[in-house]
Amino acid sequence: MTRRISGGRLVVATHNAGKLREIGDLLAPFGVEVVSAASLGLPEPAETEESFEGNARIKAHAAARAAGLPALSDDSGIEVDALGGAPGVHTADWAETGKGRDYAAAMARVWAEVEANAAPEPRRARFVCCLCVAWPDGADAVFVGRAEGRLVWPPRGAHGFGFDPMFLPDGRDATFAEMDPVEKHAISHRADAFEQLVPAIFGAPA
């Protein structure tokens, strides 16, 4: 049986402000104090795995051991069918510039490569989110969520982060970046993963 967390502090193993904000919103009802790895001065471990699950485990276990607290990590990205599932686990890498991450450039690269492949419409894609909760003694639990949709161009919307402006989820007329946070949280890949995590780890809201 998966361990439960009831109150106390939980480290969110991220240095990404947008991801921390989304996770903090999703955890708000459960009476835990959320602290980020960045605020604790924890380094970002090397993500050496070729799967979302593998990298999520690396981050969660590193934070749990360093902080001596339960830790939650999120490894997520976008998979584009016309690119054989890329960028996938390398989603953030596609935005690296040497001077920080530039997701406008990353989105332009994705669209240019899809165009170069003459991919037919709809240009199918999905966001994948793998959540890992780890404890300092090495125990963990993993949950995977997905949001299916397609790519649009040009990017639309000023909310969200990452590749949200070019992702149109199935059954919607607005991209993730055009939605307000409440609407996005209800249908996102992260929300799908949290729907599995919450009953297993937290039980009912406080």
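Guide: Start with R9, which forms a salt bridge with E33; their closest N and O atoms are 3.7 Å apart. A salt bridge here is a side-chain nitrogen of Lys or Arg within 4 Å of a carboxyl oxygen of Asp or Glu. The pair links distant parts of the chain: R9 is in strand β1 (residues 9-12) and E33 in strand β2 (residues 33-36), 24 residues apart. Strands (E, at least two residues) and helices (H or I, at least four) are DSSP runs, numbered from the N terminus. R9 is partly exposed at 36% relative accessible area. E33 is partly exposed too, at 42%. Partly exposed lies between buried (under 20% relative accessible area) and exposed (over 50%), with a 1.4 Å probe and protein chains only.

A word on the basis. This is a predicted model, with residues numbered from 1 along each chain as its sequence is written. Local features need pLDDT of at least 70, side-chain atom pairs count only at pLDDT 80 or more, totals for chains, interfaces and linings use all residues, and side-chain values use heavy atoms, without hydrogens and water.

Next, D170 pairs with R124 in a salt bridge, closest N and O atoms 2.8 Å apart. D170 lies in the loop between β6 (167-169) and α4 (181-187), and R124 in strand β4 (residues 124-134), so the bridge ties together parts 46 residues apart in sequence. D170 is partly exposed at 42%, and R124 is partly exposed at 27%.

R101 forms a salt bridge with E96, closest N and O atoms 2.8 Å apart. In total, the structure holds 18 salt bridges.
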